[in-house]
Amino acid sequence: MNARLPPPDAPLLSPGLRAGLEAVSAALLVHDGEHIAFANDAMLRLLGRTPEELPQLAPEAWATPSQQEQLREYGQRCLGSDGALPTIEIEAVSASGTSRHLEITARRVASEGGPPLVLLTCQDLSDMRHVQNSLLEVGRVMYQIVENGPVASYVIDSHHRVTHWNAACAQLTGRSSSQMLGGDETWRAFHDQPRPTLAELIVDGRVEAEGALHYGLGLNHSPLLADSYAYEGFFPQLGPEGRWLYVTAAPLRGIDGQVMGAIETLQDVTTRHQAEEQLRQHQAELESIVAQRTAELRLTHQELEAFLENASVGIIATREFHIARSNKKFAEILELPAELPVGDMPLRRFFLDDADFSDLGRLATKALRAGTSLVQEMWLQTWTGRRIWVQLIAYASNPAGNTPGMWWLLQDHSEVMRAQEELVKNYRNIQETNARLEEAQNQLLQSEKMASIGQLAAGVAHEINNPIGFVNSNLGTLRRYVEQLLALTQAYTQRERGPVDPELAALKQAADLEFIAEDLPSLLADSEDGLSRVRKIVQDLKDFSRVDHADWQDADLNQGLESTLNVVMNEVKYRADVKRAYGTLPPIRCLAGQLNQVFMNLIVNAAHAMPAERRGVISLSTGVEAVEERDWAWIEVGDDGCGMSPEVQRRIFEPFYTTKPVGQGTGLGLSMAFSIVQKHGGRIEVDSAPGEGTRFRVWVPVAGPASSR
């Protein structure tokens, strides 16, 4: 037992009373209205106080603040009364702040030689109150479930009185809960005559005996709950057109297991019944349509059979590239014997080789998997071995089935193929003719341009020759005059004897006659040299144009090469140095003006092949050789420029082919050169490599082609 030390002024209990109170299991507390005299272990545990703490509190301090005054007055009334007071409920607060609901009974007891005391007996009602609140909460939840549930339901007791009628049930039947609660005529909400409801039969225990009588064979045990029943019926008095309801009912049992009532739920299944009725109507309509379509399909099948057999194209069906069926046109195209059975014949039999068959098989398999069509033209062979060109159109049949296959349409396009080949041949001939015409036209245009340039150059040369003639004549006369004047001036200077006139001396010094006498002949010599160079350029331009030599004639190709070099020197002198190695050439029968064009194109191309970072070298050489008892002259133009790859060399003589940037070349220079050399019965040789330069050698017969004689 714990020792309790009450305050000094606290009343004392007799040892016998204290021992008796300690033995009580209920929570007990004794006070005199001002001080706590005693609290047993049960009370200390209830309040969470120690024996030392509790006596320091006022007798009402352990109650909630709002009930402390009530507890204090209750103790005062007990001290003034001889009997037991009615119980009260007080909410106690433990030392940890936990609230406990206590039922308190007060009784006055005597102290040992002191004033009377109050004995409080406390019973903890917290757990009971929690259970009560939980039950109330469950009841409210159940009520809300029944009342506010979307399924119409009602409850009756053992006397058939309605105890619950939820809002959904009121909405379904049109009868409010105020009309139905407490009444025992539930049938009025559903029927026009007295008739026991399923819930009433369950309460009375008459379901098995009378259920089938009232609800027919549709009544059966509900699979959801034992002792529950369900049926589906039509209620004509519900709504303007009646309603179909799915009704379930189950007993409500008490603690002793006895039936104390029943609950019945009603689910409106009118929409489902209407849908089922519509489905039955649709089923009947579909069966009628299916019968009609079956007849149509049978007719269509017969028509398709007739079409397939008499179609103007060959038709076959294959399974794994074996022929399953075919029509008459297929047998006609492939020249099959009439007595030959086609069924299960391998399709490979009609292909020229395995490669064609494998390629078509791969394409057909791809189309089969994709569910698309295949169009292919190829060579096949007939039963007799004759090659035919056919168009094949394939369609996948039943691609998702267990045995997918293909439908093939065949048309013999052999005549079309022959016509196409003839058209292609004619088209290629026309293309070649057009190319030759276009090349000839461009060469003619270029020749006309060169002829125009030649005529213009000849005219310019003629016009320049006239002023050059009289300027040259005047320079000769001027030289004679100057020589005479200089001789006369020198003679005067040598014969001066008397005093010199100052004015003449000043003029003589200003004129510097000695320098003039020395420089003037040099100036005249330079002018005559420049005039000679102009006359040479004009003569070279005239020789290059060859306007007066448009026909076949004997010409000096060394002179033509040199004249051409002088004409294009402006393209060469800033890019390369020229090295000449001319051999002795006999007169060559040729069209000199056209060969000059060849030389010009080769020299200009050599200059353009030079890299920009260095100055190059162009070599010009000529010679003559006897080949097969015939004399040939050759002219070679070489450079140390960028060179050409084999791919470029193969195309340099093609019309319009050029490696120059757009706008800097027509691609006709070497093409025209090739044509001109061919016209002379000669040839052009090319030797080149990238980075090593290029060498062109032109060969022409000395006597010219036979057509020039």
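The points below take the sheet, the loop residue and the cores in turn. This is a predicted model, in which local features need pLDDT of at least 70, side-chain atom pairs count only at pLDDT 80 or more, and totals for chains, interfaces and linings use all residues. Residues are numbered from 1 along each chain as its sequence is written, and side-chain values use heavy atoms, with hydrogens and water left out.

**Sheet and helix**
- Six strands form an open sheet in the order β7-β6-β11-β10-β9-β8, with antiparallel pairing; strands are DSSP runs of E of at least two residues, helices runs of H or I of at least four, both numbered from the N terminus, and two strands pair if DSSP finds at least two bridges between them.
- β7 (162-165) and β8 (220-221) stand at the edges with a single partner strand each, so one side of each lacks a neighbour in the sheet.
- Strands β10 (residues 243-253) and β11 (residues 259-268) run antiparallel and are joined by nine bridges, and tyrosine 246 has glutamine 267 in β11 as its bridge partner.
- Helix α9 (residues 270-310) lies across β9 (229-235), β10 and β11, running at about 135° to β10, where axes are lines fitted to C-alpha atoms, for helices over the stretch in contact, and angles run from 0 to 180 degrees between N-to-C directions.

**Loop residue**
- Serine 228, in the loop between β8 and β9, counts as buried at 3% relative accessibility (buried means under 20% relative accessible area, exposed over 50%, partly exposed in between, with a 1.4 Å probe and protein chains only).
- Not counting residues up to four places away in sequence, serine 228 touches Asn220, His221, Ser222, Ala249 and Ala250, contact meaning heavy atoms within 4.5 Å.

**Nonpolar cores**
- The largest nonpolar core has 38 residues, of which Leu557, Ile603 and Ile618 touch the most other members; such a core is a set of buried Ala, Val, Leu, Ile, Met, Phe, Trp, Tyr and Cys residues joined through side-chain atoms within 4.5 Å.
- The largest share of this core, 10 residues, comes from α17.
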